[in-house]
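Here's a quick briefing to read alongside the model. Have the viewer open as you go through the points.

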Amino acid sequence: MNRIRLLPEQVINQIAAGEVIERPASVVKELLENSLDAGARQVRVGFRTGGRSAISVADDGWGMSRDDALLCLERHGTSKIAVAEDIESIHTLGFRGEAIPSIAAVSRFTLTTREHDAPSGTRVMIAGGKLLNVQEVGTAPGTTVEVRSLFFNLPARRKFLRTPQTESAHIHHIVTLHALAHPAVAWRLQDEDRVVLDLAPARTLAERIREIYGAEFFQDLVPVGESQISNLKSEIPGGARVTGFVGRPGVSRATRDQQHVFVNGRPVESRGINFALLEAYHTALMRGRFPIAFLFVEIEPGAVDVNIHPTKREVRFRDEYAVRAAVTATVRRALEPQVAAAPVQPVRLTLQAETVDAMPAPVEQRLPLTQAGTWSVERRASSVATTATPAPVPDIPGAPSSTPHDSWRVIGVVGQLYVLIESAEGLVLLDQHAAHERVLFERMLKQLEQGAAPSQRLLIPATLELEARDAAFVRENMAVFQRMGIGLSEFGPKAFLVDALPPWLPARVDLRQVFQDVLDEVRAGGASLSKLRLGEDAVATTVCRHAVKAHDPLSIPELDSLLRELHACDLPYTCPHGRPTMIQLSYAELEKKFGRRG
């Protein structure tokens, strides 16, 4: 007997269903994509027992004729592509023609549909891939799909489903993602008899985020790639346009659960974009914390491959580094306030093997702003007298709002650490140590960036043998590593000679591990990575030692000067370790706490 045989069509469909339909949420996702591709402006989703017993998705899209309703149940029956070249430029969410037959193969399936100009509709009933009935019915324009007894004919697969509560949470997440991706569409989600979401069409993404997460949550976000009063998208290198919202500096989560990425309107998972997001927040978040993000990347369809994953969950960009650079640059621009830099006045600090210039905050009188004071903390080796230009403060709930610095008034200090400041918006609390850390950190890095990265020759050069892919990457990015102070040269097909390292690396360093870490950083950050990235931890540690401490008494002019210097920083709202430098209690919050407002 022949050992190789052709599988029956029903078995083929069940195997395909195993790839496409992982759980009830997968069914919802595929049906939502069909609804959106059909031009739906209203989508209604309902389910019971976590989607095990029943799922229903109804839309007001184009609908289908009787012939199309039957053809869509055939494997690879689709209206979205016609020739192989179409796969290279996908403009729709679905395109393979696998979802409907896959779902019908593992459930009791009913499809009811009607075109808008048709006098009647069509209903098709299937059980486990077998056609039971086709009939003409009266129904509203659009399409409704009902899926009952999911995996009834695959009991082993059904056993692997989680609890109804867990499966329900996955369905909620899928619907929420598509509601965010398509704010102009009305959505209704019903879990059992409880309406979970009921969203009218929104004019903007901001309005949709407020509807889903609430106004208080939205206050912690900043717009990306657009001004706060405009929907104009910013053009970014690499042909990608990046828009959306991200969390303000210091606003973070313990996991990536609230990082939502959309590529051409499709919710996706992208490690590259996640890395780029972290790079944009560099030193603005504490270690182990992750930013909130609603990022929308629009790119030419031919520049992204959406056909690399059975469920289209992952995508591959033709130019991964250009997209990462676009995301990093756009998010970083949203996080950094547009303020004028204050003049640089150096003070000498020592970084292990090399002496570099760092900056204490200059001092000046508050009112009238005419006399310059001197920095007088005893542990400093030198003093500086200078003036700084007042800088506007960006709007940031939880931190000071866009009020001119001159309208701020230092009230006093609590616990010899927290500076109390009155602003037009309420009460600001400033951590004097964290604030001075940020000032020194940015000034040291800017001074170091103006020259070549420090580098020390090794007494005995070391040889590194890398994997083929890593070796190719290093060879292409040799200049980036050298710019970071690593003396590097080729020593064979996959070998490299390291003869110099930045002076701030430990003397007994595991060179292979350090180099692998740097390689991963360069992959994540691309060619734009700071040449001083290796030294940032050392710089942060150094400024922590030299910054003012708790119990260091500072005068009002000194505090005022520190505040001005902080406002001139690129990321004034966190210290180099990611902790907040200041927080705000608005008048509204104070009135609420004192019972003056409901």
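Apart from neighbours within four places in sequence, Val 137 is in contact (heavy atoms within 4.5 Å) with Thr 112, Ser 120, Gly 121, Thr 122 and Arg 123. A heads-up: this is a predicted model, where local features need pLDDT of at least 70, side-chain atom pairs count only at pLDDT 80 or more, and totals for chains, interfaces and linings use all residues. Residues are numbered from 1 along each chain as its sequence is written, and side-chain values use heavy atoms, with hydrogens and water left out.

**Val 137**
- You'll find Val 137 in strand β5 (strands are DSSP E runs of at least two residues, helices H or I runs of at least four, numbered from the N terminus).
- Val 137 counts as buried because its relative accessibility is 11%, the cut-off being under 20% relative accessible area with a 1.4 Å probe, protein chains only.
- Its C-alpha sits 6.5 Å from that of Arg 123, 14 residues apart along the chain.

**The sheet**
- Eight strands make an open sheet with mixed pairing, in the order β5-β4-β3-β6-β2-β1-β7-β8; to pair, two strands need at least two DSSP bridges between them.
- At the edges are β5 (130-137) and β8 (194-199), each pairing on one side only.
- From one strand to the next, the twist averages 10 degrees (axes are lines fitted to C-alpha atoms, for helices over the stretch in contact, with angles from 0 to 180 degrees between N-to-C directions).

**β1, β7 and the helix**
- β1 (residues 42-48) and β7 (residues 186-191) pair in the parallel sense over six bridges.
- Opposite Gln 42 stands Ala 186 in β7.
- Helix α6 (residues 164-181) packs on the sheet and touches β1, β7 and β8; the direction of α6 makes about 175 degrees with that of β7.

Definitions and conventions:
Buried < 20%, exposed > 50% of the residue type's maximum accessible area, 1.4 Å probe, protein only.
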